[in-house]
Every structure is written in C-alpha cells, then in structure tokens.
Amino acid sequence: AFPGSAPAPGATGVDLRGTWVADGMTPQGPFRCVIIFGDNGLYVSDVFIGQGSLGRVSGNYRFEGGQLILQPQGYAPFAPAFQLQGDQMVMDVPNFAPGIRFVRQANSGFVPPS
C-alpha cells in the first residue's frame, strides 16, 4: 500500500493503485499504453502510437463482484477482462488485441488530478 492512500470503492483486496505501462507493436508502429490508477477510484489513461497520443481518458474505477468497472468521463462504463499477478496485469484494452500485459512501475505514488 502507498502511504496516505485508500483503496478504490468496493475493492475486494485488489490494489491497482499506481502507474501501469504496456508496450507492444501495431501495424502502425510501436505503442505504449499507460494507465494510472489513483486514490479514491480515479484513473487516467493514454495510448501512444509512434510519437502521437490517441488522447487522454480519465474517469472512475471500481470493483463489483471482483470485476473491474471503468467509467470514463463522457463514455459508457465497461468491464475489461483482467488478471492480476503481483506487479503484472493482463487486460483487454478496447481497440487492441485482447491480453495486453501491463507492468506496475516503481514510481507508483502518482495521484492523477481529480
């Protein structure tokens, strides 16, 4: 756990807080997906292909019955399949092939702006 932080609402012993990064290849070039899960159920994510960002998305996250629910601002909520093992997480990211592997970064104390 991180000092002075609280788990996401409805968390069931799952602590996603921190910065998660996935790197890989697409037909358009290399990609990097970054998701930052902050305190109090807030998250921000961005996907980069080559040198360009596809756009930052932020919103809320919660757990219901062990399922991760993401609620991006201005979009419908969705429940990506995910598996967590220590500091590695495999998640189905929209518009990408399923099973993208994220690694939690060491600088996980970052809290996204609310």
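Let me start with the largest nonpolar core. This is a predicted model, and the core in question has 21 residues. Those that touch the most other members are Phe 37, Leu 68, Met 89, Met 91 and Phe 102. As background, nonpolar side chains tend to be buried together in soluble globular proteins.

Where does this core come from? Strands β1 (18–26), β2 (29–37), β3 (42–49), β5, β6 (67–72), β8 (88–91) and β9 (100–104) each supply at least two residues of it. The most comes from β2, which gives 4 residues.

Take Met 91 as an example. Leaving aside residues up to four places away in sequence, what does Met 91 touch? The contacts are Ile 35, Phe 37, Leu 68, Pro 80, Ala 81, Phe 82, Gly 99, Ile 100 and Phe 102. Two of those names, Phe 37 and Phe 82, come back in the next part.

That part is the aromatic pairs. A pair of aromatic rings is described by the distance of the centres and the angle of the planes. How many aromatic pairs does the structure hold? There are 3. One of them joins Phe 37 and Tyr 43, with the centres 6.3 Å apart and 40° between the planes, so by the rule that planes under 30 degrees apart are stacked and over 60 edge-to-face, this pair is tilted. Phe 37 and Tyr 43 are both buried. Phe 63 and Phe 82 form another tilted pair, at 6.2 Å centre to centre and 50° between the planes. Phe 63 sits in strand β5 (residues 57–64) and Phe 82 in strand β7 (residues 82–85), so this pair ties together parts that are 19 residues apart in sequence. Phe 63 and Phe 82 are buried as well. Ring pairs also link Phe 37 and Tyr 43 with Tyr 61 in a cluster.

Now the charged side chains. Side chains of opposite charge can pair when their charged atoms come close. The count here is 5 salt bridges. In one of them, Arg 17 pairs with Asp 39, and the closest N and O atoms are 3.7 Å apart. Why does this pair tie together parts that are 22 residues apart in sequence? Because Arg 17 lies in the segment before β1, while Asp 39 lies in the loop between β2 and β3. Are these two buried or exposed? Arg 17 has 4% relative accessibility and counts as buried. Asp 39, at 16%, also counts as buried, because the cut-off is under 20%.

Asp 23 and Arg 32 meet in a salt bridge with an N to O distance of 2.7 Å. Arg 32 has a relative accessible area of 40%, so Arg 32 is partly exposed. Glu 64 and Arg 62 form another bridge, at 2.8 Å from N to O. Both partners are partly exposed: Glu 64 at 45% relative accessibility, and Arg 62 with a relative accessible area of 31%. Shared partners also join salt bridges into one network, made of Asp 15, Arg 17 and Asp 39.

Last, the largest pocket. The space in this pocket is about 500 Å³. It is lined by 23 residues, and the closest to its centre are Ser 45, Val 47, Val 57, Val 93 and Pro 94. Which strands supply at least two residues each of the lining? They are β2, β3 and β6. The largest share is that of β3, with 5 residues.

Notes. Residues are numbered from 1 along each chain as its sequence is written. This is a predicted model: local features need pLDDT of at least 70, side-chain atom pairs count only at pLDDT 80 or more; totals for chains, interfaces and linings use all residues. Side-chain values use heavy atoms; hydrogens and water are left out. Rings of Phe, Tyr and Trp (its six-membered ring) pair if their centres lie within 6.5 Å; planes under 30 degrees apart count as stacked, over 60 as edge-to-face and the rest as tilted. Buried means under 20% relative accessible area, exposed over 50%, partly exposed in between (1.4 Å probe, protein chains only). A nonpolar core is a set of buried Ala, Val, Leu, Ile, Met, Phe, Trp, Tyr and Cys residues joined through side-chain atoms within 4.5 Å. Contact means heavy atoms within 4.5 Å. A salt bridge is a side-chain nitrogen of Lys or Arg within 4 Å of a carboxyl oxygen of Asp or Glu. On a 1 Å grid over the protein atoms alone, a cavity is a set of points where a 1.4 Å probe fits but cannot get out, and a pocket is an open set with protein on both sides within 12 Å along at least five of seven lines; lining residues have an atom within 4 Å of a point. Grid points are joined across faces, edges and corners, and a volume is the space filled by probe spheres set on the points.
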